[in-house]
Amino acid sequence: MSIKTDLKMNNIDRGNVLMKKLLGIMVLGLLFIFVSNSPEAKAEDFKLTKITENLKSPWSLSFINQNEALITEKSGNIFYIDIQKQELKNIKHNLKVLEHGQGGLLDILYYDESVFVSYTEKRKDFETSTSIAKGRFNKNKINFKNIFRAEPPIESRYHFGSRLAIKENYLFASVGERGQGMIAQDGTKHPGSIIRIHLDGSIPKDNPKFKGKEDWLPEIYQIGVRNPQGLTFSSYDKKIYLSNHGAAGGDWFGEVKFGENYGWKILGWGGYNYNGTKIGPKWELGFTKPIHYWIPSIATSAIVIYKGKEFKEWNGHALVTSLKNQSLRKLIFNDVNEVKEDIIFKNNIGRIRDIQVQPNTGKLFFLSDNGSLWKMEK
């Protein structure tokens, strides 16, 4: 081999070595980027503090102000809590709550000196409904009066919903389909729908019933949901958002839309019946399309659209809690065609039943199924 050829081969070898080094650096760089941006690996700067424990099946939390809040237990108890003193006081009330399967005393919402609750009401024999009552706030006793009752009452232990949200003079509520499947496609019945009423229980004259959906009940705003346990108002775009349990898969996060239909049980949202059979397509034209799906199921529960100072980089993002998955997830959904999801934490505090933003501070509070109230802050 000539010296010229030998030098040429050495140059090629050096080039190959250099190329391998460069490729190695690129691979390591890409691996670092992937790990840094992986939801499971991302380290968030926060701490979790247990505020109180020994609650029994707590379901909902609502702030009165920065240091005072209300908590419901599924059995029917309403507690007033002083956050700073970590003191609980049982508030008497006149509700006839039936704790039955997934039912009981569910959501609570304090608003302008009034308290709204959704609960399982025994109607006759073994038939129950998801009902909503309103009362004037008092630390000692609240006298409630029903402002809505889901019709018809049904004999079932399952899928009551139910969350409440207020937008202007309207109360929105999610009503589960009680395990009855196709009842969610029947606008002449409340189960499986989102309802909208005025804060006094009267019916808005611009609800779908009066705008082209003549066969719908007057309180119904949207149909086709299964077991929606998350509902919240966004002060950023003035919209109502919800989360919904699928069956074996097919949980989703979406927007409440006037007169539309999310498709249950025609659609399966990517999930299956518990016996393994397919329910239906994930989505098809003519139905409302969720913003984000979870397959397999994470058992979505409460949601908020975050607004606050503590985690100001999250402002406008959806925070979604889960039961089975025991996680807090953040969704960036400015572009609904490219939703970004981060897992903030998982398996830290058990099954998360509710999430609320503390007024003024922006710190996050969680209710856990294990009976604890937690605070999350930086």
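Let's start with Arg351. In this predicted model, Arg351 is partly exposed, at a relative accessible area of 35%. Its side chain meets that of Asp369 in a salt bridge, 3.0 Å from N to O. The pair links distant parts of the chain, 18 residues apart. Arg351 sits in the loop between strand S22 (340-346) and strand S23 (352-357). Asp369 sits in the loop between strand S24 (364-368) and strand S25 (372-377). Asp369 is also partly exposed, with a relative accessible area of 24%.

How many salt bridges does a search of the whole structure find? The count is 16. Side chains of opposite charge can pair when their charged atoms come close. Let me show you a few more.

Take Arg196 and Asp206. Their side chains form a salt bridge of 2.6 Å, N to O. This pair, too, links distant parts of the chain: Arg196 is in strand S13, Asp206 is in the loop between S13 and S14, and they are 10 residues apart. Is Arg196 buried or exposed? Buried, with a relative accessible area of 7%. Asp206 counts as partly exposed, at 34%.

Next, Lys50 and Glu53. The closest N and O atoms of this salt bridge are 3.0 Å apart. Lys50 is partly exposed at 36% relative accessible area. Glu53 is partly exposed at 40%.

There is also a network. Salt bridges link Asp107, Arg163 and Asp354.

Now an arginine without a salt bridge. Arg178 is buried, yet has none. What is the nearest side chain of opposite charge? That is Glu177, 7.4 Å away.

Leaving out residues up to four places away in sequence, Arg178 touches several others, including Ile154, Tyr158, His159, Phe160 and Pro191. As for location, look in the loop between strand S12 (170-175) and strand S13 (193-198).

Those two strands take us to a sheet. This sheet is open and has 4 strands, in the order S11-S12-S13-S14, with antiparallel pairing. Which strands are at the edges? Strand S11 (161-167) and strand S14 (220-223), each pairing on one side only. The twist averages 20 degrees from one strand to the next. Between S13 and S14 there are 3 bridges. Ser193 has Ile223 in S14 as its bridge partner.

Last topic: backbone geometry. Most residues other than glycine have a negative phi, and most peptide bonds are trans. Here are some exceptions.

The peptide bond from Gly161 to Ser162 is cis, with omega near 5 degrees. Find Pro296 in the loop between strand S18 (292-294) and strand S19 (300-305).

Now phi. Glu113 has a positive value, near 70 degrees. Glu113 lies in the loop between strand S6 (105-111) and strand S7 (114-124), and is partly exposed at 38%. Lys238 has a positive phi near 60 degrees. Its place is the loop between strand S15 (227-234) and strand S16 (239-245). Lys238 is partly exposed, at 47% relative accessible area.

How values were computed
Residues are numbered from 1 along each chain as its sequence is written. This is a predicted model: local features need pLDDT of at least 70, side-chain atom pairs count only at pLDDT 80 or more; totals for chains, interfaces and linings use all residues. Side-chain values use heavy atoms; hydrogens and water are left out. Buried means under 20% relative accessible area, exposed over 50%, partly exposed in between (1.4 Å probe, protein chains only). Lys and Arg count as positive and Asp and Glu as negative; His and the chain ends are not counted. A salt bridge is a side-chain nitrogen of Lys or Arg within 4 Å of a carboxyl oxygen of Asp or Glu. Contact means heavy atoms within 4.5 Å. Two strands pair if DSSP finds at least two bridges between them. Axes are lines fitted to C-alpha atoms, for helices over the stretch in contact, and angles run from 0 to 180 degrees between N-to-C directions.
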